[in-house]
Structure formats: C-alpha cells, structure tokens
Amino acid sequence: GNATCRGSESTVQQCLPYRPCPEGCVPVHCSFTSWTEWVDRMGCGGLCERRRDIGTMNNECGEPCNNALEETKPCEPRHCGKRDCQLSSWTDWTFGSRDVSEMQKTRSRVVKVTPQGGGAPCSGALLETRAEF
C-alpha cells in the first residue's frame, strides 16, 4: 500500500579517535534501562514502538552502549473501531503510453482508507483498460 512512516532514529556509538584507557581506570560499562511496553502511539496507525534509555553511561575505559534506543513493528491498531474500505474516484481515461498505436486507454483509483476492526474489505479493480478506436 501507500504507507507513510513517521518517527526518528538515533544511533549511539563510540567517538573516534579511540584513546587507550588511563592507567588505573576502573571500567564502568554502559547499560540500558528495560524496554517499555509496545505502544501504538498514533492510536490507529498500526505501527507500534517501544523505547529504552541509557541507564548508566560508560566512563572513558568502559564499554559504550551499542544498540537501538527505539524499535518499531507492525501491530494491530487498537481503539479504532470498525472502518470500511474506501476507494478513490476513478481518474480520467488516458492513453497508457505515448505510443498511439497501442490504442489502449487506462484509468485507475487507489485505496483511500484501508479496512480495520471487521470493516468491509476493498473490492473491485484498481486499474482498468479499454480499447480506443
């Protein structure tokens, strides 16, 4: 479909140039907090996310954190209610290409609203062709 994603992505990594640990340094390694529960933050978006933070930051001789702070996955939208499929209106008939010898016209439409919550599914063609004499 024509899905649009929103959100952000962050990457945390050790900065270069790498410097050796100072003599006598006691390593404090980076650690993450626990993941939050999966949440569909947009309500009916169908994209769930979970987050975590850096619980303990490493010191100069400890291992840095090396992994995601946010994760996303498709999920069943909640609290949305029933929603039926809706198709757009047909476009005007146009020649499918600039090659007039084909003598074919096409028209199309798109899914404006995807069904959910037991709503009526989409039915019918999204693209039609016809001969043009």
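This is a predicted model: local features need pLDDT of at least 70, side-chain atom pairs count only at pLDDT 80 or more; totals for chains, interfaces and linings use all residues.
Arg-51 is partly exposed, with a relative accessible area of 35%.

**Salt bridges around Arg-51**

One partner of Arg-51 is Glu-49, and the closest N and O atoms of this salt bridge are 2.8 Å apart. Glu-49 has a relative accessibility of 14% and therefore counts as buried, the limit for that class being under 20%. A salt bridge also links Arg-51 with Glu-70, where the closest N and O atoms are 3.8 Å apart. Arg-51 belongs to strand β2 (residues 47-51) and Glu-70 to strand β4 (residues 70-74), so this pair ties together parts that are 19 residues apart in sequence. Glu-70, at 32% relative accessibility, counts as partly exposed.

**The pair Arg-107 and Glu-128**

Another salt bridge is formed by Arg-107 and Glu-128, with 2.8 Å between the closest N and O atoms. Arg-107 is located in strand β7 and Glu-128 in strand β9, so the contact ties together parts that are 21 residues apart in sequence. The relative accessible area of Glu-128 is 26%, and this residue is partly exposed. Through shared partners, salt bridges join Glu-49, Arg-51 and Glu-70 into one network. A search of the whole structure finds 4 salt bridges, among them the pairs listed below.

| Salt bridge | Closest N and O atoms |
|---|---|
| Glu-49 and Arg-51 | 2.8 Å |
| Glu-70 and Arg-51 | 3.8 Å |
| Arg-107 and Glu-128 | 2.8 Å |

Strands β7 and β9 belong to an open sheet of 3 strands, which has the order β6-β7-β9 and antiparallel pairing. Strands β6 (94-95) and β9 (127-131) stand at the edges with a single partner strand each, so one side of each has no neighbour in the sheet. Strand β7 covers residues 104-108 and pairs with β9 in the antiparallel sense over 5 bridges. Within this pairing, Glu-128 in β9 is the bridge partner of Arg-107.

**Charges over tryptophan rings**

Arg-107 has a further contact: its charged end sits over the ring of Trp-90, 4.3 Å from the ring centre. Arg-130 likewise lies over the face of Trp-93, at 4.3 Å from the centre of that ring. As for pairs between aromatic rings, a search of the whole structure finds 0.

**The protein as a whole**

The protein contains 9 strands and 0 helices, and its elements run β-β-β-β-β-β-β-β-β from the N terminus on. Of its 133 residues, 14% count as buried. The accessible surface comes to about 10400 Å², and carbon and sulfur atoms account for 49% of it. Among contacts with a separation of 6 or more, 59% are between residues 24 or more positions apart.

How values were computed: Residues are numbered from 1 along each chain as its sequence is written. Side-chain values use heavy atoms; hydrogens and water are left out. Two strands pair if DSSP finds at least two bridges between them. Helices (H or I, at least four residues) and strands (E, at least two) are DSSP runs, numbered from the N terminus. A salt bridge is a side-chain nitrogen of Lys or Arg within 4 Å of a carboxyl oxygen of Asp or Glu. Buried means under 20% relative accessible area, exposed over 50%, partly exposed in between (1.4 Å probe, protein chains only). Contact means heavy atoms within 4.5 Å. Accessible areas come from the Shrake-Rupley method with a 1.4 Å probe; for residues, only the protein chains shown count as cover. Rings of Phe, Tyr and Trp (its six-membered ring) pair if their centres lie within 6.5 Å; planes under 30 degrees apart count as stacked, over 60 as edge-to-face and the rest as tilted. A charge sits over a ring if NZ of Lys or CZ of Arg is within 6 Å of the ring centre and within 35 degrees of the ring normal.
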